[in-house]
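This report describes the fold of a single protein model, from its sheet to its helices and its nonpolar cores. The sequence and the model are shown first.

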Amino acid sequence: MRLPELVDLVGQQLDNDERGYLVGGAVRDLVLDRGAQDYDFAILRDPKRIAKKIADYLDGAFYVMDPLRSTCRVIYQGNNNSPRVIDFSALQGDINNDLQKRDFTINAMAIDLSYPEKVIDPLKGGRDLQEKWLRPTSSSSFQNDAVRVIRAARY
């Protein structure tokens, strides 16, 4: 699987001992060989530092969305002048723990930016994509975030 240039760029901003992952819908879209529109990254240490560097590089805007969870967003102009979004968040535990907290198994896959040749898929989201199943990551997924019910209907 060939990763977009933007994903490589984020990986290059990590320190040698820092871990970062492309997560969520962008991984799903790459597995399906579709172009991702938005990107989500989970960063082990300081997502704000990485996001600021990317915003500067892309001449984009940087926003802190949730200071307690170190969640931030970069918005920049894409190739066809359409706005593009990149979200950065602090890794919630290890990557498997982080993926368990996501909405659906098809969005609970990751790519380690240090080892991009392998998709991390502990909840079998790739299989669910092939079989066209939409499964929540846990029995409390909808209780944790009611908006996920709307997202389920959209999928």
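Helices (H or I, at least four residues) and strands (E, at least two) are DSSP runs, numbered from the N terminus. Ser-89, for example, is found in strand E5. The model is a predicted one: local features need pLDDT of at least 70, side-chain atom pairs count only at pLDDT 80 or more, and totals for chains, interfaces and linings use all residues. Residues are numbered from 1 along each chain as its sequence is written, and side-chain values use heavy atoms, with hydrogens and water left out.

**The sheet**

Two strands are taken to pair if DSSP finds at least two bridges between them. On this basis the model has an open sheet of seven strands with mixed pairing, in the order E3-E4-E5-E2-E1-E6-E7. E3 and strand E7 (119-120) stand at the edges with a single partner strand each, so one side of each is left without a neighbour in the sheet. Strands of a sheet pair through backbone hydrogen bonds, either parallel or antiparallel.

| Strand pair | Bridges | Direction |
|---|---|---|
| E4 and E5 | six bridges | antiparallel |
| E1 and E2 | four bridges | antiparallel |
| E1 and E6 | three bridges | antiparallel |

Individual partners can be located within these pairs. Gln-77 has Pro-83 in E5 as its bridge partner, Tyr-21 has Ala-42 in E2, and Val-23 stands opposite Ala-110 in E6.

Burial is assigned by relative accessible area: buried means under 20%, exposed over 50%, and partly exposed in between (1.4 Å probe, protein chains only). Strand E1 is covered on both faces, with Gly-20 and Leu-22 buried on one side and Tyr-21 and Val-23 buried on the other. Contact means heavy atoms within 4.5 Å. Leaving aside residues up to four places away in sequence, Ser-89 touches Phe-41, Ala-42, Ile-43, Pro-47, Ser-70 and Thr-71.

**Helices H1 and H3**

H1 touches strand E1 (20-23), E2, E4 and E5, and its direction makes about 20° with that of E2. H3 touches E2, E3, E4 and E5, and its direction makes about 160° with that of E5. Here axes are lines fitted to C-alpha atoms, for helices over the stretch in contact, and angles run from 0 to 180 degrees between N-to-C directions.

The buried residues of H1 are Leu-6, Val-7, Leu-9 and Val-10. Seen down the axis of H1, these fall within an arc of 160°, so they line one face of the helix; the arc is that of the directions from the helix axis to the C-beta atoms. Glu-5 and Gln-12 are exposed on the other side of H1.

Helix H3 (residues 47-58) has twelve residues and reaches 16 Å from its first C-alpha to its last, close to the 16 Å expected at 1.5 Å a residue. The expected span is 1.5 Å times one less than the number of residues. Buried in H3 are Pro-47, Ile-50, Ala-51, Ile-54 and Ala-55. They cover an arc of only 135° around the axis, which puts them on the same side of H3. On the other side, Asp-56 and Tyr-57 are exposed. Just after H3, Asp-59 takes a positive phi of about 55°.

Gln-13 lies in the loop between H1 and E1 and, at 18% relative accessibility, counts as buried. Its contacts, not counting residues up to four places away in sequence, are Glu-18, Arg-49, Ile-50, Lys-53 and Ile-54.

**Nonpolar cores**

A nonpolar core is a set of buried Ala, Val, Leu, Ile, Met, Phe, Trp, Tyr and Cys residues joined through side-chain atoms within 4.5 Å. The largest has 29 residues, and those with the most contacts inside it are Leu-22, Tyr-39, Phe-41, Ile-54, Ile-86 and Phe-88. H1, helix H2 (25-31), E2, H3, E4 and E5 each supply at least two residues of this core. Apart from it lies another core, of ten residues, including Tyr-21, Ile-95, Leu-99 and Ala-110.

Phe-104 is found in the loop between helix H4 (95-100) and strand E6 (110-112). At 1% relative accessibility, Phe-104 counts as buried. Phe-104 and Gly-125 are 21 residues apart in sequence and 7.9 Å apart in space, C-alpha to C-alpha.
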